[in-house]
Amino acid sequence: MINEILWSYIYASVIAIIAITVYGMASRPHITKKLIMLSILSDTACLMAVLIGVHSGTIKPPVFPGISFTNHPQVGTAELDVFSYEAVDPIPQVLVVTAIVIGLAVLLFLSYIAILLYQKYGTLDVRLIELRRERDSV
Amino acid sequence: MNESKGMKNKDTTKEIIVAIFASLLIIVFASAILFSGAIAIPPQPTNRPLASFYLRTTYNWEFKWLWSSSPEVVTSILWDHRGIDTVYETSVFFFAIIGALMLIRSYKGGSKYKAVGMSVIARSITKITLVSIPVIALSIAIHGHLTPGGGFQGGSVFAISTLLAIIALGLGFFMERRWTKHRLLGLRTLGLMIIGFIAISLPIIGFFRGYSGYIMQNQWKPWSPLGFGYVFNLFGIEILYSGSLLFLNLAEFLAVSAGLTLAFIALALPKEDIRKGGGLDD
């Protein structure tokens, strides 16, 4: 019972963060705050993906233990059974590994665009940018 | 100014639409969790069959036609089972950096920036971390097929040290050492080229020797006897290098660290240099 309550709490908070970040991205007028919301959104999506891979029980990382450059013995079927029973799902982690770096690169790209916007209009407030665009075009 | 007058008119309709959309998102995700069975509360007692398959086969010495000879299942899936996908994601990262640099074309380099940073204490400590963080990053990349981590993670860790150095030591620290755009971009491209070369090497070798080889193939398969091998003998000690995984991790480390370093340096350029614009020349 306490387990279910705690897991529901975790998922509810993750979903609440996603909803709040979407609302903030759309409604806050400042571009820096939009970028902060975007980074929180991508990190929360990664957290959610990793949470899907978790199973209840003994949790181990998806790395076969005790293997190094020089020590790599042949592994039997019994050890692999134990390993595949205990380790968490590796597939969401694989998706997250690349998503984090690509998210960072896209965030950098958007920051450059924000810098150029600041160069051009002298502000990062989208309402002021809109007004100044109209003023410049007239 | 009439700007402040225009800002006072809050668009309440838009706010309401956004709020409705956000609450719809809550309902969709909550129903996905509660009713569709995609996520169980509490989590399922054991792994899913697909996860068990990957965990069972990546380091299985009895089924060598399915394995990738690495105990690290995440790196195995990343660079072996879905390797082409990772190559394309690396090129997405590459083009994001290229696009960002196209927006700031005036990065000249040169030694006109002086290494003026923070106080002596901050500079000394940052110079210590400027040695230790890259060592840890390289260790993460080299052990990518044995322990959690890999090229992406190592490169990101390396970029942290340059970010710290930009803040504490000033931009001139890199300019004095001639970390120009062309050199960093060259390293970045070199990493991507190594990845591409490893990806197409086995099909080319197979073409000339009469076998079939596949793009991003790591170990031999029954229908394709080519492979990178998994151990090599160094003075009587057998060292596990897991086929192409070690080389791909190192190339990815080079690519990500150079690309992120370049992006951070360009992000820290003074305002006047960005405004000037101009050519791509060094």
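Two residues count as in contact here if their C-beta atoms, placed from the backbone, lie within 7 Å. Keep that in mind as you look around this predicted model, where local features need pLDDT of at least 70, side-chain atom pairs count only at pLDDT 80 or more, and totals for chains, interfaces and linings use all residues. To find your way, residues are numbered from 1 along each chain as its sequence is written, and chains are lettered from A in the order in which they are written.

**Stop one: confidence.** Chain B averages 83, and 88% of its residues score at least 70. Helices here are DSSP runs (H or I, at least four residues), numbered from the N terminus. In chain B, confidence is lowest in helix 1 (residues 2-8), with a mean of 54, and highest in helix 6 (residues 120-142), at 92. Then select residues 277-282 of chain B, where the pLDDT is below 50; this stretch has 11 contacts in the model beyond near neighbours in sequence. Where pLDDT is low, the predicted coordinates should not be read in detail. For the model, ipTM is 0.85 and pTM is 0.86.

**Stop two: the interface.** Show both chains: 61 residues from chain B meet 55 residues from chain A. On the chain B side, helix 2 (residues 12-34) gives the most, with 11 residues.

**Stop three: helix 2 of chain B.** Select Ala22(B), Phe29(B) and Ile33(B), which are buried (20 or more other C-beta atoms lie within 10 Å of a buried residue's own, with C-beta atoms placed from the backbone). Helix 1 (2-27) of chain A is part of what covers the buried residues of this helix.

**Stop four: the core.** A nonpolar core is a set of buried Ala, Val, Leu, Ile, Met, Phe, Trp, Tyr and Cys residues joined through C-beta atoms within 7 Å. The largest one has 69 residues, and Ala105(A), Leu108(A), Ile97(B) and Ala100(B) have the most contacts inside it. Helix 10 of chain B supplies its largest share, 15 residues. Apart from this core lies another of six residues, including Ile15(A), Ile18(A), Ala22(B) and Phe29(B). Now centre on Ala105(A): leaving out residues up to four places away in sequence, Ala105(A) touches Phe93(B), Ala96(B) and Ile97(B).

Helix 10 of chain B is mostly covered, with 20 of its 23 residues buried. Finish in chain A, where Gly122(A) follows helix 4 and has a positive phi, near 75 degrees.

Conventions. pLDDT is the predictor's confidence in each residue, from 0 to 100. Helices (H or I, at least four residues) and strands (E, at least two) are DSSP runs, numbered from the N terminus. A residue is buried if 20 or more other C-beta atoms lie within 10 Å of its own, exposed if 12 or fewer, and partly exposed in between; C-beta atoms are placed from the backbone.
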